[in-house]
Amino acid sequence: MAYTARDDEGKREFFDSPEELDRKVTLLAQWVRESRHSIVFTGAGVSTAAGIPDFRSGMNTSLNTGPGVWELQAKGQLRDSKHRVTSTTRAIPTPTHMTFVKLQQEGLLKCVISQNCDGLHRRSGMPKDALFELHGNTNVERCNKCGREYLRDYRVRVAPGVHDHFTGKRCDDPSCGGYLMDTIINFGESLPTKTLETSFDHAQKAELCLAMGSSLTVTPAAEVPQTVGERQQRLVIVNLQRTPLDPVARLRIFAKCDDVSKLLMGKLGLTIPEFRLKRKVIFTAEPADKGRMKVEAQGADAEGHPFSFLKEVQFQVGGAMQTVRKEPFVHLLECEKVEVMMSLVFHAHYGEPPLVQTLSVSKGQGLRVLASLEYNPFTREWVVSRSDQAQSP
């Protein structure tokens, strides 16, 4: 990838003066209020504040993450320990990520179209149907036969070859048995057709496109904001380096993404929500064979889609304990009526402590419990709300 490193002029960073930045963001806030169809297009620059390095920043960049990945490769150097970097699984969504969540909730943003595969937009709480990840997601694998997607709380890519995407697992559907593939799009590979087409549909409707943290050089992804600019609609580009789409931009802002996001939300009179890790766990109890009851714990994301974020589940009934370390997290028991204590163990990317939940199980009586979990990574505390529903045998 070193050949994609930029020349010295391409790596040069620019900064608007405080007065100029305020004037430009004031205008941007006005456009956000006026637009009936606003979209956001993001690149690696929105995640550098989370500690994830970008690709093209130069050796003398102002970013805390230091030079871009391809810049270091081109120079044959390793990243200096003074630079603040973290893994994608441990990175916390930035104020920019959370700004988009709030704008979408307020009806001021239709969708986010992203080149990023770090998973932070999905983790931030952006609804799946309002997020189009053109280059895939490091936490998602897809069945090559039935197309079912699996969201994981870990990086799924394990294949050594650039164009080898097999993750080593098979589809959970016994009637399918297809192979699971990571969703990462590498150079020379086609983007997902439906995702790309929907992105262009939004570009054709957009009255405002806010492109943030992208060099806007990788096609066909960069053609999405280009479409908005060439339609003579309001294309706003926020990036420290110049981009090839600057000539078609209605407004060009040279500043860091978080600085713009905080200023914008202030002018809109909106508060940027603090990030919370949101999960759901579905507990079920149902009759099984030989008069036994089957108790299961299954993870889901905030919207209810299946999500593998549990590392193990410890089932305790009386003094007996069983630890299940892979999905499905199931425990079979013989009982008339019993309290089942379940200790949920997480991958703990944010230091999440185990969480204990209790289920009252009666023989022959079905039960479904939806537990909504919200974790504060700054205080390391869980907040849990539950909805228990008995089901007919």
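A search of the whole structure, which here is a predicted model, turns up two cavities of 30 Å³ or more. By cavity I mean a set of points, on a 1 Å grid over the protein atoms alone, where a 1.4 Å probe fits but cannot get out, and a residue counts as lining when it has an atom within 4 Å of a point. Grid points are joined across faces, edges and corners, and a volume is the space filled by probe spheres set on the points.

Before going on, a word on the ground rules: local features need pLDDT of at least 70 and side-chain atom pairs count only at pLDDT 80 or more, while totals for chains, interfaces and linings use all residues. Residues are numbered from 1 along each chain as its sequence is written, and side-chain values use heavy atoms, with hydrogens and water left out.

The largest cavity holds about 70 Å³ of space, and among the residues that line it are Val32, Ile39, Leu103, Leu210 and Leu264. Strand 1 and strand 8 are the elements that each give two or more residues to this lining, and strand 1 gives the most, with three. Helices (H or I, at least four residues) and strands (E, at least two) are DSSP runs, numbered from the N terminus. By class, the lining of the largest cavity has nine nonpolar residues, one polar and no charged, where Ala, Val, Leu, Ile, Met, Phe, Trp, Tyr, Cys and Pro count as nonpolar, Asp, Glu, Lys and Arg as charged, and the others, Gly among them, as polar.

The second largest cavity, with about 30 Å³ of space, is lined by Thr89, Arg123, Asp153, Leu277, Arg279, His349 and Tyr350, a set of two nonpolar, two polar and three charged residues.

Helix 8 covers residues 257–268 and reaches 16 Å from its first C-alpha to its last, close to the 16 Å expected, the expected span being 1.5 Å times one less than the number of residues. Just after helix 8, Gly269 takes a positive phi of about 75 degrees.

In helix 7, residues 223–230, the buried residues are Val224, Pro225, Thr227, Val228 and Gly229, and they pack against strand 1, strand 2, helix 6, strand 8 and strand 9. Helix 7 is followed by Gln232, whose phi is positive, near 65 degrees.

From C-alpha to C-alpha, Gly147 and Phe166 are 14 Å apart in space, and they are 19 residues apart in sequence.

Note on methods: Buried means under 20% relative accessible area, exposed over 50%, partly exposed in between (1.4 Å probe, protein chains only). Contact means heavy atoms within 4.5 Å. On a 1 Å grid over the protein atoms alone, a cavity is a set of points where a 1.4 Å probe fits but cannot get out, and a pocket is an open set with protein on both sides within 12 Å along at least five of seven lines; lining residues have an atom within 4 Å of a point.
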